[in-house]
Amino acid sequence: MVSLVLLLVILAILGVGVAAGLSRRKRNPFTDQRFVNEWEQRMRALEASLGWRFVAEDQGFQERVPQIGRMLEADRSRVKFQLVGHWRGAPVLAVEVVLRTDNAVTAGYRSYSVVVVPRPMPGPWVLISPRNDSAWGLFEQFTVTGDPVFDARYEVRRKNPAFATALLGSGLAHALLHDPRANGVAIAFDEHTLAAAVPGPLVGAPLPVLADLLLDVAGNVPWQSLPRG
């Protein structure tokens with residue numbers, strides 16, 4: 001009789017342990033199928049709404065946009081998700097990347113969503129970034145444009161001063177200041193592509209807005225009249 005009671009006690013203890021383990025497993029988002037399914041559902045909804053598709057193969061983001069790509073410090077694991085497709089007839093690449101956000105006060109990493117489209121004409125690189133976004137401070141010193149309103153909102157870094165001056169003076173600076181789609185967006189004129197980047201994961205990013213912004217910029221810049229080299 002004593003042996004039977006002891007066996008029942010042991011079984012009860014084991015049962016409590018198993019129940020506790022299962023409870024912890026359900027609370028773990030990495031083992032909770034509901035969490036996985038929610039992310040996948042959002043991903044599939046994004047694909048369906050844009051007509052783009054998620055791909056696992058490396059799309060060469062660091063080579064397409066080398067000025068942003070070098071911020072990844074040759075660590076391809078910091079390219080998290082990739083979408084490819086077309087928007088308004090142009091090929092589009094959307095990528096979630098993890099960038100360092102070091103500054104004098106803090107150090108850390110943050111996810112950014114980047115949309116990339118072809119540049120109509122190749123040329124020197126220019127980076128226009130929000131002044132309050134510390135991630136872009138990893139680049140060399142920015143250049144003041146002389147427009148106090150623009151300089152209060154953006155920092156400009158460039159390879160060719162003449163090209164950057166002509167680019168901003170073509171109406172681009174005025175357009176960015178008065179376009180709500182450009183708020184909080186970093187825009188990179190790389191040698192062969194245009195890219196727009198915002199903080200946050202790819203699934204929640206305003207990808208169509210960024211694609212429209214880039215294509216409107218590409219269509220309004222007077223490329224033929226800008227300096228070469």
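**Secondary structure.** I counted seven helices and eight strands in the chain of this predicted model. I took both from DSSP runs, helices being H or I of at least four residues and strands E of at least two, numbered from the N terminus. The model is predicted, with residues numbered from 1 along each chain as its sequence is written, and local features need pLDDT of at least 70. Side-chain atom pairs count only at pLDDT 80 or more, totals for chains, interfaces and linings use all residues, and side-chain values use heavy atoms, with hydrogens and water left out.

**Whole chain.** I looked up burial: 43% of the 229 residues of the chain count as buried. Buried means under 20% relative accessible area, exposed over 50%, and partly exposed in between (1.4 Å probe, protein chains only). The accessible surface of the chain is about 12,300 Å², and carbon and sulfur atoms hold 60% of that. I used Shrake-Rupley areas with a 1.4 Å probe; for residues, only the protein chains shown count as cover. For contacts (heavy atoms within 4.5 Å), I took residues at least 6 apart in sequence, and 63% of these contacts join residues at least 24 apart.

I traced eight strands in an open, antiparallel sheet with the order 1-2-3-4-8-7-5-6. Strand 1 (53-54) and strand 6 (154-158) are the edges, each pairing on one side only. Two strands pair if DSSP finds at least two bridges between them. Strand 5 (residues 126-130) has five bridges to strand 6, in the antiparallel sense. Within this pair, I found leucine 127 opposite arginine 157 of strand 6.

**Helices on the sheet.** I then checked helix 6 (residues 161-178), which packs on the sheet and touches strand 5, strand 6 and strand 7 (186-189). The direction of helix 6 makes about 40° with that of strand 5. Helix 7 (residues 207-220) lies across strand 2 (79-87), strand 3 (90-100), strand 4 (109-118), strand 7 and strand 8 (193-199). Helix 7 runs at about 45° to strand 4. Axes are lines fitted to C-alpha atoms, for helices over the stretch in contact, and angles run from 0 to 180 degrees between N-to-C directions.

**Positive phi.** I looked at the loop between helix 4 (66-69) and strand 2, where glutamate 73 lies. Glutamate 73 has a positive phi near 55° and is not a glycine. Glutamate 73 counts as partly exposed, at 40% relative accessibility. Alanine 74 is also in the loop between helix 4 and strand 2. I noted a positive phi of about 65° for alanine 74, again not a glycine. Alanine 74 is exposed, at 69% relative accessible area.
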